[in-house]
2 protein chains.
Amino acid sequence: MRIALKIGYDGTIFDGFARQKGKNTVEGEIIKILKKSGLVKDIKDARFQYAARTDKGVSAIANVISFNCKGNALRVFENSKKIWVFGYAYVDENFNPRYCKSKRYRYYVYDMGYDIKKMVEAVKIFEGQHDFAYFVKDRKRTIAKIDKIEVSEGKIIKFDFEAKFFLWNQIRRIMASILEVGKGRCEIEDIKKSLEKKERINFGLAEPENLILIDIRYDFDFIPFTQPRFLIKNEIFNDIKCFLN
Amino acid sequence: MRIALKIGYDGTIFDGFARQKGKNTVEGEIIKILKKSGLVKDIKDARFQYAARTDKGVSAIANVISFNCKGNALRVFENSKKIWVFGYAYVDENFNPRYCKSKRYRYYVYDMGYDIKKMVEAVKIFEGQHDFAYFVKDRKRTIAKIDKIEVSEGKIIKFDFEAKFFLWNQIRRIMASILEVGKGRCEIEDIKKSLEKKERINFGLAEPENLILIDIRYDFDFIPFTQPRFLIKNEIFNDIKCFLN
C-alpha cells in the first residue's frame, strides 16, 4: 500500500529540508518518525519520496511525502511537534509526489512604504515561460514556466506564484528584484534586461522566512485531516492578535 | 538607563527557559542576542532579570526581561527569529520584572468529548489561597493564591489562570487533574481531597505545549511594538486556516 501525506512545517526551526547527518532537517525528522514507529523499516524499500525540497528557512503547509507502508500512517505523526499532517490519500504504486499538476508558493512582504504599483507591474514580467538563467542558483536547468503570479495588496503584500515546478532559489531571486524595484533602487527595465539575459544584475536573495509552499494539486484530492495539536497552535496565534492590541 | 521588554517565544522550539550550557534555551538565546549586539557586555553588571521561568515546552507572549543598557534595545531584536518583542518601557533602576501585579496563563484543551461541565466546576476549586503541596514540584514554597480562573468553552476549551505568581508545575498539575475529571477517570471529590492534603493522588502532568503565558501587568504600561517578522508569521497562520478547509 502506498500512501501520500500532505504535510506542513515551520521552516524557521529546521536546518533545511534535505537530510544531513547531525543536522535538524525536515526530511531527517520525517524519516526518524517513520522508522521509530516501525511504519517504515527501510526508506529505499519503501520508496520514500517528496514533492518539494524547500530552501532552509522556507515553510510549508502543502509539501507531500509518499511511501509504501502497512499500518496507520496518520497515528504515527499524531504526536509530532514539528511535522504536521494536513491530509492523506492512498495512491498508485508508481506515484511520485514530485510530479504534480501545480504548486503554489506565497511570498509575504511587510510594506515599509514601497512602490507597490511598480512591484505589481514588475512581477508580472516573470509570468510565462522564460530562461531564468539569471534568476536561479542551479545552472543545469534554467528554463521553466510560471503559470500565474497574483498579488494581493495590504499592509502585508502577498505574492502568489503558481507553476508545475520551480527552480532552485527562483522565487527568492525574483522577489529580491521586486523588492529592489519597490525600494526605488532599480527599474523595471533592469529586471527585463536580466530576464532577457542582456545584462546580469545581482538583485540578491530575498529572505526565506517569508516564503511558504501553500498549495499543491494532483489529479486526486487529499482527505483532509488536522491534528488537534496544530489546531491549538493556530488558535494560539489567533488569540495573540487580541492580546497585542 | 534600565529597560523592560515584553517578549514572546514558541516554547516548543527551545530546550526550556533557564540557561544551560550547550542547550538551546530562551534565556541563552536572549543573552546571546544582547551580548552579540554589544548592547550588554556583562549580564550581571546589567542586572539582567526576567518575570517567569517557563517550563520546557511552554510558550509566552508576555514574559518580561529587564536590563541596564545604552542604545536601541528594540533594534537588537529586530532580526531575531526566535524571540519576539511586543512592547517596551523605561523603568526604575530597581525594577525587577518578577514582581508584577498579575500574570495570566492560558491552557488550551482540544475537546475530545470531555465532561466540560464537570471540568469547569472542578477547576473553580483552585481559586483563592491554598496550600498546593500536592500540586507543585517544588516543596519549599507551596502556599499561593490564584486570583481568578476563567474558562471559555468551544471545540478548543481555554482555561485562564490569573495570579501574582505561580509555583513550579502548578498549572500543569492542576490541568492534569482537570483532564482526569473530564475523561471520567476521577471525581471532583478526589481533587478536593488532594488539595486539602487528605489524600495524595497523582494526576500526572499536563502537556507543556498547550500552555502559554499570555498577559502580565505592572503599575505601568508597555509601549506596544510588533516586529514585522512576527506580523508576517501571524498572517501566515491566518492564511493557513483558509487553505485547510
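Student: Is Arg104(A) buried or exposed?

Tutor: Let's start there, keeping in mind that this is a predicted model. Buried means under 20% relative accessible area. Arg104(A) has a relative accessible area of 15%, so this residue counts as buried.

Student: Which residue forms a salt bridge with Arg104(A) at 2.5 Å?

Tutor: Look in chain A for a partner whose closest N and O atoms are 2.5 Å apart from those of Arg104(A). Arg104(A) lies in strand β5 and the partner in strand β9, so the pair ties together parts that are 56 residues apart in sequence.

Student: Which helix of chain B gives the most to the side that touches chain A?

Tutor: Several elements give two or more residues to that side of chain B, among them β4, β5, β9 and β10. The contact takes 37 residues from chain B, and one helix gives 16 residues. That helix is α6(B).

Student: How far apart are the end C-alpha atoms of helix α6 of chain B?

Tutor: The helix has 17 residues, 228–244. At 1.5 Å a residue, these should span 24 Å. The distance in the model agrees with this, so the end C-alpha atoms are apart by 24 Å.

Student: How many salt bridges are there between chain B and chain A?

Tutor: The two chains bury an area of about 3,700 Å² between them, and carbon and sulfur atoms give 67% of it. Charged residues take part too: on the side of chain B that touches chain A, 13 are charged, beside 19 nonpolar and 5 polar. The count of salt bridges between the chains is 12.

Student: Which residue of chain B meets Arg229(A) in a salt bridge?

Tutor: Start from Arg229(A) in helix α6 of chain A and cross to the loop between α5 and β10 of chain B. The closest N and O atoms are 2.9 Å apart, and the partner is Glu207(B).

Student: Which side chain is joined to that of Ser66(B) by a polar contact of 3.3 Å?

Tutor: Ser66(B) is found in strand β3 of chain B, and at 0% relative accessibility this residue counts as buried. Leaving aside neighbours within four places in sequence, its contacts include Ile3(B), Phe48(B), Val91(B) and Pro97(B). The side chain joined to Ser66(B) by the polar contact belongs to Arg2(B).

How values were computed. Residues are numbered from 1 along each chain as its sequence is written. Chains are lettered from A and ligands numbered from 1 in the order in which they are written. This is a predicted model: local features need pLDDT of at least 70, side-chain atom pairs count only at pLDDT 80 or more; totals for chains, interfaces and linings use all residues. Side-chain values use heavy atoms; hydrogens and water are left out. Helices (H or I, at least four residues) and strands (E, at least two) are DSSP runs, numbered from the N terminus. The expected span of a helix is 1.5 Å times one less than its number of residues. Contact means heavy atoms within 4.5 Å. Buried area is the accessible area (1.4 Å probe) that two parts lose on being put together, summed over both. A salt bridge is a side-chain nitrogen of Lys or Arg within 4 Å of a carboxyl oxygen of Asp or Glu. Ala, Val, Leu, Ile, Met, Phe, Trp, Tyr, Cys and Pro count as nonpolar, Asp, Glu, Lys and Arg as charged, and the others, Gly among them, as polar. Buried means under 20% relative accessible area, exposed over 50%, partly exposed in between (1.4 Å probe, protein chains only). A polar contact is a pair of N or O atoms within 3.5 Å; within protein, one must be able to donate a hydrogen and the other to accept it, and residues adjacent in sequence count only if both atoms are side-chain atoms.
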